[in-house]
Amino acid sequence: MKIARDMMALAQNPPIPTDDLPHVIVADRQLIVCQGIGSLVAQIAEVELGEYATDKASLKALLSRTRGKTILILGVRLADGDLTHVLDMVRKDHPEVMVVVVAEDSEFAFIRTAIKSGANSVCMMGQVLTSLPRILGKLIEGHSIVPTDILRKLTSEAADTLSRREHEILGLLGDGLTNFQISARLGLSENTVKYYLKAIYQKLEVNSRGAAIAKYVAGNY
């Protein structure tokens with residue numbers, strides 16, 4: 001009798017085939033962060049947890065193998081690139097992929113960058129347990145979402161005075177690159193990089209690389 005009831009319930013509410021579930025990839029330079037977020041995603045029945053990526057090459061390989069709806073949960077840095085470069089790559093090669101950027105409170109500047117670069121949603125790490133399941137639910141329905149508290153903070157702050165290129169250079173500074181390495185990465189001359197750094201220091205009202213990085217990652221600009 002119980003088997004018959006179970007079969008009837010199954011017929012009325014058939015399980016969603018795994019292939020039809022949105023595929024979730026988690027990418028961050030720290031594997032432990034990927035695993036922590038992944039353990040939460042694995043508990044959400046409406047999605048299927050995929051693999052982890054810690055650098056651009058592994059992320060690119062994972063994205064090239066995905067089929068159907070894909071959601072990328074992305075930290076602000078991979079081992080070999082910051083948020084701006086990774087988002088540019090994803091938007092260029094896989095525009096259909098939905099992206100959720102996750103950042104620490106001290107990295108709020110990257111939330112601005114994420115939204116400007118076309119991320120579908122953003123989430124603060126301290127609220128990931130409560131916010132991420134809701135965000136994924138909205139993305140599954142096809143809706144981009146910026147949590148109200150983040151939107152309020154974005155709209156209450158002064159307009160961003162840094163250009164896109166200045167954001168890129170500050171991100172590379174934060175990764176510890178020298179002027180020469182930054183120039184090679186961005187295809188600029190070292191003198192041009194120095195020019196940008198001078199403008200950045202003036203806008204941030206600092207006089208050193210360390211102070212500029214500290215102010216940038218804290219979102220105080």
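Strand β6 (residues 98-103) pairs with β7 in the parallel sense over four bridges, where pairing requires that DSSP finds at least two bridges between two strands. This is a predicted model, in which local features need pLDDT of at least 70 and side-chain atom pairs count only at pLDDT 80 or more, while totals for chains, interfaces and linings use all residues. Residues are numbered from 1 along each chain as its sequence is written, and side-chain values use heavy atoms, with hydrogens and water left out.

**Sheet**
- Five strands, in the order β2-β1-β3-β6-β7, form an open sheet with parallel pairing; strands (E, at least two residues) and helices (H or I, at least four) are DSSP runs numbered from the N terminus.
- The edges are taken by β2 (48-53) and β7 (121-124), each of which has a single partner strand, so one side of each is left without a neighbour in the sheet.
- From one strand to the next, the twist averages 20°, with axes fitted to C-alpha atoms and angles running from 0 to 180 degrees between N-to-C directions.
- Val-100 has Ser-121, in β7, as its bridge partner.

**Helix on the sheet**
- Helix α2 (residues 31-41) lies across β1 (23-27), β2, β3 (70-74) and β6, and runs at about 175° to β2.

**Aromatic pair**
- One aromatic pair is counted, on the rule that ring centres of Phe, Tyr and Trp (its six-membered ring) lie within 6.5 Å, with planes under 30 degrees apart called stacked, over 60 edge-to-face and the rest tilted.
- The ring centres of Tyr-195 and Tyr-196 are 6.1 Å apart and the planes stand at 70°, so the pair is edge-to-face.
- Tyr-195 is exposed, at 60% relative accessible area, whereas Tyr-196 is partly exposed at 22%; buried means under 20%, exposed over 50% and partly exposed in between (1.4 Å probe, protein chains only).

Key
Contact means heavy atoms within 4.5 Å.
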